[in-house]
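Trainee: I am new to this structure and would be grateful for a close look at one single part of the model. Please take me through that part in one connected account.

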Amino acid sequence: MTHPGGREPAAPIPNAPAPSGFESPAVVDGGLPVFHERLKDELTFPLAWGTSPIRDFPAWREAARATVERHLLQPPDDTPFAPEIADEQRAEGYRRRILLFNVTRLSRVRALMLVPDGEGPHPAVLLLHDHGSRFDIGKEKLVRPWYDRARLSSARAWADRCFGGRFVGDELARRGWAVLAVDAPGWGDRSGLTYESQQALAANLFNLGSSPAGLMAREDQRTAAFLASLPEVDGERVAALGFSMGAYRAWQTAALSDHVRAAVAASWMTGLKEMMVPGDNALRGQSAYFMLHPGLARHLDLPDVASIAAPEPLYLTGGSDDPLFTAAAVEKAYRRLRAVWRSQHAEDRLHTEIRPGLGHVFAPAAQDDAFAWLDAWAGRP
C-alpha cells in the first residue's frame, strides 16, 4: 500500500518501542532480559572486602561466609559420617580403597580414596570433579577406576581430553598424598542426570527449598571435614583441587571450610558481570545451576567469595585460549584477589597465572607445577 504522500512507508525498526513506549521484546540474546545491563549496574557487591564497612578482616570473613551460608539454602549438617571400607586393593606405591559414608543427613555415598604407602598421617587432597556434560563418571574423572571396565574406558577418554592422559589422583598418591573423590549428585554412582534434565532438577530443588549449587557446596564442605577426620590423614594439611567446575568447587570449599588449608583451582575464575554477556556459556543455563546461589550476587562477586579463603594459600591457573573464560575476564578477577591477599600481607600465598596457548584443560606441565606448589606448602621434599 502506497503512503498518502506517494512514498512507501519506512520499514519498522525491529524491537523498537511502540508509540506508547512499552517494552518489546523482554528477552534477547541467550535468554538475557533486555534490561540486563541495568541489572548489572545495580550489582555493586557491597559486602566485598574493601567495599564493605567492615574493616577488620577476620570479622569480614565471618560476615561474608555467613552470607554465603545463608544462600546455600541448606542447613548446617552434623550427621555422623559412619564410614565403612567396602574394598581395598594394592597398587604401586599406594592402596586403593572404596569407602561408604554419610555425606549429609540426606545421602550415603560411595567414595574413592588412595592412601600412600608408608607411615602416616599423610597430607591429603580433596579432589573435586568437573561438569563437562559427562555424567556417567564423576570421581572416576580424577581417580582411575579399577573396579569397572566401562567406567575405566570413559575415564581414560576423559583423562586424555582434559589431563594429558593422566589420572590426577593417582599422580598425587604416587607423590605421597592421600586423596579422596566423591560424586556430586547426578554423576557416576549417583547417576540419573542428563544435560537436558538439569533445569528440571534445579526447579524441583528450588521448590523443595534447596538448590543444586547449595547442595553441592554443603556436600563438598562435609567431605572436607570427613577427609580431615580420617586417621591416615594429617588434618592440618588438607587441600582441595579441581578442574573446571571442580575448580569452582575447590576455591568455594576453601572459602567455606576451616578444614581446607590450601586449594588448587584450574580453569574456573572470572567475575559475574564478565560472565553475563551474550555468547557466554553460562547463559545456556543447565550447568550454570551448579554454580549459582540465588540472590548471592546482591552481596558478593565470584572473586569475593574466593577471597573468604584468604590469607590461606590459593593456586589459580588457566589458559589464554580457554573459550569459557576470556583472559581479560580472568585477569580482572585475579586483580581483585591479589588486592585481598595483599591487604593481609600474604601475597606470597596467592599464585595466579594464565598459561599461553592453553585452552580449557589441566595440562601435565600445569599439573606438575601445581603439585610442586602443594608439596612446598605441605613441607614435603
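Mentor: The exposed residues R149, A150, D160 and R161 lie on the face of helix α3 that is turned away from its buried side. Please bear in mind throughout that this is a predicted model. Helix α3 itself runs over residues 149-162, 14 residues in total. From the first C-alpha to the last, α3 reaches 20 Å, close to the 20 Å expected at 1.5 Å a residue.

Let us now turn to the opposite face. The buried residues of α3 are R151, L152, S154, A155, W158, A159 and C162. Around the axis they cover an arc of only 165 degrees, so they are found on the same side of α3. As for what lies over them, the elements that cover these buried residues include the strands β5 (108-116) and β8 (233-243). The helix therefore presents two faces: a buried side, with its residues on the same side of α3, and a face turned away from it that carries exposed residues, among them R149 and R161.

The two ends of the helix also deserve attention. At the start of α3, D148 brings a side-chain oxygen to within 3.0 Å of the backbone nitrogen of A150. A150 is also one of the exposed residues on the face turned away from the buried side. At the other end, just after α3, G164 takes a positive phi of about 65 degrees.

Technical notes:
Residues numbered from 1 in each chain as written. Predicted model: local features only at pLDDT ≥ 70, side-chain atom pairs only at ≥ 80, totals over all residues. Heavy atoms only, no water. Helix = DSSP H or I, 4+ residues; strand = E, 2+ residues; numbered from the N terminus. Expected span 1.5 Å × (residues − 1). Buried < 20%, exposed > 50% of the residue type's maximum accessible area, 1.4 Å probe, protein only. Arc of directions from axis to C-beta. Contact = heavy atoms within 4.5 Å. Polar contact = N/O pair within 3.5 Å; in protein donor to acceptor, adjacent residues only side chain to side chain.
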